[in-house]
Amino acid sequence: MPEKSVANIGVVGLAVMGSNLARNLASREGNTVAVFNRSRSRTDELVAEHPEAGFLPAYDYEEFAATLSKPRTAIIMVQAGKGTDAVIDELVQVFEPGDIIVDGGNALFTDTIRREKAVRETGINFVGAGISGGEEGALNGPSIMPGGSDESWVTLGPILRSIAAVAEGEPCVTHVGHDGAGHFVKMVHNGIEYADMQLIAEAYDLIRRGTGKSPAEIADIFAQWNKGELESYLIEITAEVLRQVDAETGTPLVDVILDQAGAKGTGAWTVQTALDLGIPVSGIAEAVFARSLSSKPAQRAAASDLPGPSESWKVSDPDAFVEDVRKALYASKIVAYSQGFDEIVAGAQQYGWDIKKGDIAAIWRGGCIIRAQFLNRITEAYAEDAGLVALLTAPYFREALGRTQEAWRRVVVTAAQAGIPSPAFSSSLAYYDGLRADRLPAALVQGQRDFFGAHTYKRVDKDGVFHTLWSGDRSEIETEPSTH
Ligand SMILES: NC(=O)c1ccc[n+]([C@@H]2O[C@H](COP(=O)([O-])OP(=O)(O)OC[C@H]3O[C@@H](n4cnc5c(N)ncnc54)[C@H](OP(=O)(O)O)[C@@H]3O)[C@@H](O)[C@H]2O)c1
């Protein structure tokens, strides 16, 4: 039997993420960690394999609660969805008002809002915390995005700060906002991750098919890019993946991996939520759809003999083309982040969260999958102007887009002419041009809507709402008087 009430933190769910997080917690000064898993074998394994951690194992929920000091604080790391609900139901039976239940899984933020509301009725605090960084991050320092009440943050803050990644001396954790704010921001993080990965994949594909360079040669290009403004974890691991040779066949690993990308759903959540909020996250959406398209083998096989460009394609100046692709990647990446932050702003407005955008960029600098040098530029942009209406209009990004947009256009044109899909590059460019357009064909869309559905329109030259009598004499009537 473990000693009673001596653990300041507990972990429920000891699969890969939970075990690693528990080990991370145990390795930090001042933490004593209680551990519990539904199947006993995982608990026994973890405790046996890591005696140095000094874990306090519990074998039922009563024992787990008794092992924790008050206010009891437990992080749930179980399969998101039903598993999370099942564990919460058990914990509220054995916890007391003032105690804290943290869900560190990948929950949908609306589930977190629902759970927070239900658990709050018992007087227990419920915190949905997004945790990014995969297995490695959980063990050595993830980026953590907690929501929940201010009260719970008082106890939880120091514990989470102790285990988070550190970027430029700062722990990568901040109290994002109340109830589902943390999981919302984690969801958008994952959406941006989808876009970033797709953009990198398109860059690789264009370089390979345009220059004929081998994966190993392209790995060197990515390694080089990682020394400049594109420096990021995803660029770094791309070089590693491209350099890997399959032991069985001796060919580059990337050539033996089936080209059908999987997804666990957080990218789709980001896009679904953006659609509900009316926020164009086109780069993220294209990345999600590109994975879906890749995973349609029957359609791809049936379409494989559809006509494409007649001439085979190779670029005339490989070095110049690689540099153009680098610039296109950087510009498109700015768009992806700008769109992601638009969604965060809209979500905060919709759900009443006070989210500090600069702080979010700062906690993504370490531990998480989208960690990147240029997040500092985002923090700076919001520090200079907290009310920035679009990230890509901040001075730094304006300058960056100014020096990359011509290359970006050349890459998108070249890709289209060569018949190479570049959905994220091209949709990001279309978004950029849409946003900066003086006048959009939305005027014509409004005219069409008025024609078939009497949906009315506004005019550029006077106030009021108007309708043209399309099936009558085509004169215009004012349907709502002007406010002046
Ligand atoms: N893997 C990653 O890179 C990653 C990254 C970030 C976030 N996450 C999130 O972290 C969480 C944990 O991920 P994971 O990969 O370590 O584990 P997982 O495979 O998602 O889940 C397995 C764990 O959930 C427990 N579990 C499932 N249903 C349960 C129930 N009804 N009651 C109690 N326990 C139940 C299992 O217990 P038993 O041993 O008894 O089956 C096991 O401990 C998930 O929400 C995941 O989305 C994962």
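**Entry 1: a loop aspartate.** I started at D179, which sits in the loop between β9 (170-171) and α8 (181-211). Helices here are DSSP runs of H or I with at least four residues, strands are runs of E with at least two, and both are numbered from the N terminus. The phi of D179 is near 30°, a positive value in a residue other than glycine. D179 counts as buried at 17% relative accessibility; buried means under 20% relative accessible area, exposed over 50%, and partly exposed in between, with a 1.4 Å probe and protein chains only.

**Entry 2: ground rules.** I reminded myself that this is a predicted model, where local features need pLDDT of at least 70, side-chain atom pairs count only at pLDDT 80 or more, and totals for chains, interfaces and linings use all residues. Residues are numbered from 1 along each chain as its sequence is written, and side-chain values use heavy atoms, with hydrogens and water left out.

**Entry 3: who touches D179?** Not counting residues up to four places away in sequence, T112 touches A107, F126, G128, D179, G180 and H183; contact means heavy atoms within 4.5 Å. T112 counts as buried, at 0% relative accessibility.

**Entry 4: another positive phi.** T456 is not a glycine either, yet its phi is positive, at about 70°. I found T456 in the loop between α20 (442-453) and β10 (465-468). With a relative accessible area of 18%, T456 is buried.

**Entry 5: a cis bond.** I checked the omega angles and noted a cis peptide bond joining K70 and P71, with omega about -5°. P71 lies in the loop between α3 (61-67) and β4.

**Entry 6: the sheet.** Seven strands form an open sheet with mixed pairing, in the order β3-β2-β1-β4-β5-β6-β7. At the edges stand β3 (56-57) and β7 (143-146), each with a single partner strand, so one side of each is left without a neighbour in the sheet. Two strands pair if DSSP finds at least two bridges between them.

I then looked at two of the pairings. Strand β4 (residues 73-76) runs parallel to strand β5 (residues 100-103), and four bridges join them. In that pair, I76 stands opposite D103 in β5. Strand β1 (residues 9-12) also pairs with β2 in the parallel sense, over four bridges, and the bridge partner of V11 in β2 is V35.

Entry 7: V322 lies in helix α15 (residues 318-351) and counts as buried at 10% relative accessibility. Leaving aside neighbours within four places in sequence, V322 is in contact with I207, T211, K213, I221 and W225. I also noted I218, which is 104 residues from V322 in sequence and 9.6 Å away in space, C-alpha to C-alpha.

Next I turned to helix α17 (residues 375-384), whose buried residues are L375, N376, I378, A381 and Y382. The cover over these buried residues includes α15, α16 (357-363) and α18 (395-418).

K356 lies in the loop between α15 and α16. At 45% relative accessibility, K356 counts as partly exposed. The C-alpha atoms of K356 and T174 are separated by 9.4 Å, although the two residues are 182 residues apart along the chain.

**Entry 8: the whole chain.** The protein chain holds 20 helices and 11 strands. Its radius of gyration is 26 Å, close to the 23 Å that the globule rule gives for 484 residues, so the chain is as compact as a globular protein of that length. The radius is taken over C-alpha atoms, and the rule is 2.2 Å times the number of residues to the power 0.38. The C-alpha trace spans about 85 × 70 × 45 Å along its principal axes. Of the 484 residues, 50% count as buried. Among contacts with a separation of 6 or more, 66% are between residues 24 or more positions apart.
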